[in-house]
Amino acid sequence: MKISFKTISAKVTKTDLLVLLSPEGRAPKLPPGVSIPKSVETSFSGKSRETRFADTIDGPAERVLLIGLGKGKSFDLETVRRAAAIAAQKAQKTHAASVTFWVDLKLDKSAEDFGQALGEGLVMGAHRLVDFKRSPKKCSLKKVIIQSSKEVSRGAKTGVIVGEGNTFARRLQDTPANKMRPKDMVAEARKIAKNSPKITVKALDEKSMEKLGMGSLLSVSRGSSEPAYLIHLVYKPAKKTKRKICLVGKGLTFDSGGISIKPSARMDEMKYDMSGGAAVLGTFHALAGLNPDVEVHGLVPTSENMPDASSVKPGDVVTASNGLTIEVLNTDAEGRLILADALAYAEKTIKPDAMIDLATLTGAVVVALGHELTGVMGNSKTLSDELVASGQTTGELVWPLPIIDFHKEDMKGSVGDLKNIGSPSTGAGSCTAGAFLSNFVGDIPWAHLDIAGTAWGATRRDYQGGPVGTGVGVRLLLDYLKKQR
Ligand code: BES
Ligand code: ZN
Ligand code: ZN
């Protein structure tokens with residue numbers, strides 16, 4: 001899908017579908033020379049997400065699609081995102097090859113944000129699931145023109161890049177675990193770095209991680225024939241920057257539970273256990289095009305958790321790179337084991353101003369917050385407030401959960417410094433997981449995002465949802481990074 005931009009003053013050229021986003025209570029404002037039956041115009045009220053197709057009477061467009069934006073002067077960005085996604089989907093359903101968005105609205109200060117939401121919604125709405133069928137379906141939509149003000153176009157260009165970051169992450173998420181192995185995650189990271197002079201990558205292999213004493217991370221993949229890696233991406237803007245942020249994403253390409261094996265029902269969904277890693281890679285995919293003024297490091301510990309004769313066993317004691325020993329009482333609580341060494345590596349060698357990890361860490365967070373809210377924990381109220389605010393801007397909602405001393409105390413081991421699961425009587429599985437991680441971040445401001453509920457299976461909202469990956473985290477992190485200077 002090729003997207004290009006034109007001003008309102010340019011003539012509308014031949015197109016299969018002309019899309020008009022139209023507010024409630026105002027007659028749809030068609031471009032000069034395009035006309036549709038009066039009855040369609042008058043019966044369209046412009047309510048949020050209302051749609052109406054019309055064959056044109058005259059003009060360069062075959063058909064017109066009116067989409068309602070609802071009431072108000074400055075539009076709700078979620079409505080704009082959804083409207084653009086509806087347009088992309090309707091275009092594909094009707095086999096339109098070319099679409100022109102005609103945006104002639106009074107938007108004032110919000111024009112750029114409106115444009116960004118439009119670009120995001122368009123790209124995310126047009127996203128097609130990875131398909132491994134013998135004859136995969138092809139996308140009909142080849143050409144999109146966005147015809148609008150300079151400000152809207154500028155925002156839409158950003159939105160397209162952000163949307164592509166999201167769909168990049170979704171492709172990695174939805175790819176089955178036999179085709180998205182730790183080494184494939186490494187290959188994806190290398191491709192990102194190859195495409196941008198501002199991004200570099202290295203991937204620590206098992207040998208290098210052994211030298212660094214990452215016994216916690218390495219214990220998880222002992223039962224797998226796929227070796228583990230620690231991917232380290234760095235984005236450096238041209239200008240010297242004040243802030244350095246580190247993103248860490250759990251990249252378990254398959255979590256069978258290991259020796260503490262999971263029940264077989266829905267075990268297939270554990271291909272999504274790399275969603276945190278996908279979010280970090282998707283963010284870097286977009287950083288290349290967005291150029292924010294902040295240095296960004298991305299760490300993705302990636303491995304596979306499988307039962308085998310050489311697997312880590314319940315009761316084994318492993319040593320993390322910061323010297324802490326961990327009793328692995330449940331091999332299914334493996335995410336925290338790989339994150340432990342990744343966070344310790346960030347704290348020791350990258351020394352960022354802030355670090356944020358994203359992980360499909362606990363089933364408990366799905367019980368607590370469901371599929372629409374990501375849980376945030378950590379040691380910095382400022383950082384978690386910033387993430388909550390970015391959640392509101394992007395629609396990737398974030399809700400704070402506590403880590404109290406009681407949770408930290410509960411994660412202390414009997415023969416090791418720590419244990420990897422909380423006591424059954426404590427409950428609060430997401431908080432105890434966060435408490436475990438807090439032992440590996442030192443004094444660095446840190447936030448942990450538990451995306452186990454939001455990474456897949458969210459409610460449908462036109463541009464995402466259903467039993468597939470959401471790419472959650474990419475838009476959230478990009479909004480957060482944009483605000484760092
Ligand atoms: N990857 C899972 C968490 C998960 C479960 C994500 C369900 C999405 C849906 C994680 O590795 C895990 O298995 N966690 C255990 C921890 C427990 C053993 C303390 C869990 O949540 O049950
Ligand atoms: Zn697990
Ligand atoms: Zn897991």
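Visitor: How many bridges join strand S2 to strand S4?
Guide: Seven. This is a predicted model. In it, S2 covers residues 15–22 and S4 covers residues 61–68, and the two run parallel.

Visitor: Which residue in S4 is the bridge partner of leucine 18?
Guide: Valine 64.

Visitor: And the sheet, what's the strand order?
Guide: S1-S6-S5-S2-S4-S3. The sheet is open, with six strands and mixed pairing.

Visitor: Which are the edge strands?
Guide: S1 (2–7) and S3 (51–55). Each pairs on one side only. From one strand to the next, the twist averages 20°.

Visitor: Which strands does helix H2 touch?
Guide: S2, S3, S4 and S5 (98–102). H2 spans residues 77–93 and packs on the sheet. Its direction makes about 150° with that of S4.

Visitor: What about H3, which strands does that helix lie across?
Guide: H3, residues 111–126, lies across S1, S2, S5 and S6 (143–148). It runs at about 165° to S6.

Visitor: Switching to metals. Which residues coordinate the zinc ion (ligand 3)?
Guide: Lys250 through NZ, Asp255 and Asp273 through OD, and Glu334 through OE. The distances are 1.9 to 2.4 Å. Along the chain, the donors follow the spacing K-x4-D-x17-D-x60-E.

Visitor: What geometry does that site have?
Guide: Octahedral. There are six donor atoms, with angles of 77 to 174° among them. Ideal octahedral angles are 90 or 180 degrees.

Visitor: Which residue bridges ligand 3 and the zinc ion (ligand 2)?
Guide: Aspartate 255. The two zinc ions lie 3.2 Å apart.

Visitor: Where do aspartate 273 and glutamate 334 sit?
Guide: Both are in loops, 61 residues apart. Aspartate 273 is between strand S10 (251–255) and H8. Glutamate 334 is between strand S13 (325–328) and helix H9 (335–350).

Visitor: Are those two buried or exposed?
Guide: Buried. The cut-off is under 20% relative accessible area. Aspartate 273 has 3%, so it counts as buried. Glutamate 334 has 1%, so it is buried too.

Visitor: Back to H8. How many of its residues are buried?
Guide: 12 of the 16, so H8 is largely enclosed by the rest of the structure. Among them are Gly276, Val280, Leu281, Phe284 and Leu287.

Visitor: What span should H8 have, at 1.5 Å a residue?
Guide: 22 Å for its 16 residues, 275–290. The end C-alpha atoms are 22 Å apart, so that agrees.

Visitor: Which residue follows H8?
Guide: Asparagine 291. Its phi is positive, near 50°.

Technical notes: Residues numbered from 1 in each chain as written. Chains lettered and ligands numbered in written order. Predicted model: local features only at pLDDT ≥ 70, side-chain atom pairs only at ≥ 80, totals over all residues. Heavy atoms only, no water. Helix = DSSP H or I, 4+ residues; strand = E, 2+ residues; numbered from the N terminus. Expected span 1.5 Å × (residues − 1). Buried < 20%, exposed > 50% of the residue type's maximum accessible area, 1.4 Å probe, protein only. Pairing = 2+ DSSP bridges. Axes fitted to C-alpha atoms, helices over the stretch in contact; angles between N-to-C directions. Contact = heavy atoms within 4.5 Å. Donors = N, O, S within 2.8 Å, 3.2 Å for Na, K, Ca; no water. Tetrahedral: all angles 85-135°; square planar, octahedral: opposite > 155°, others 65-115°.
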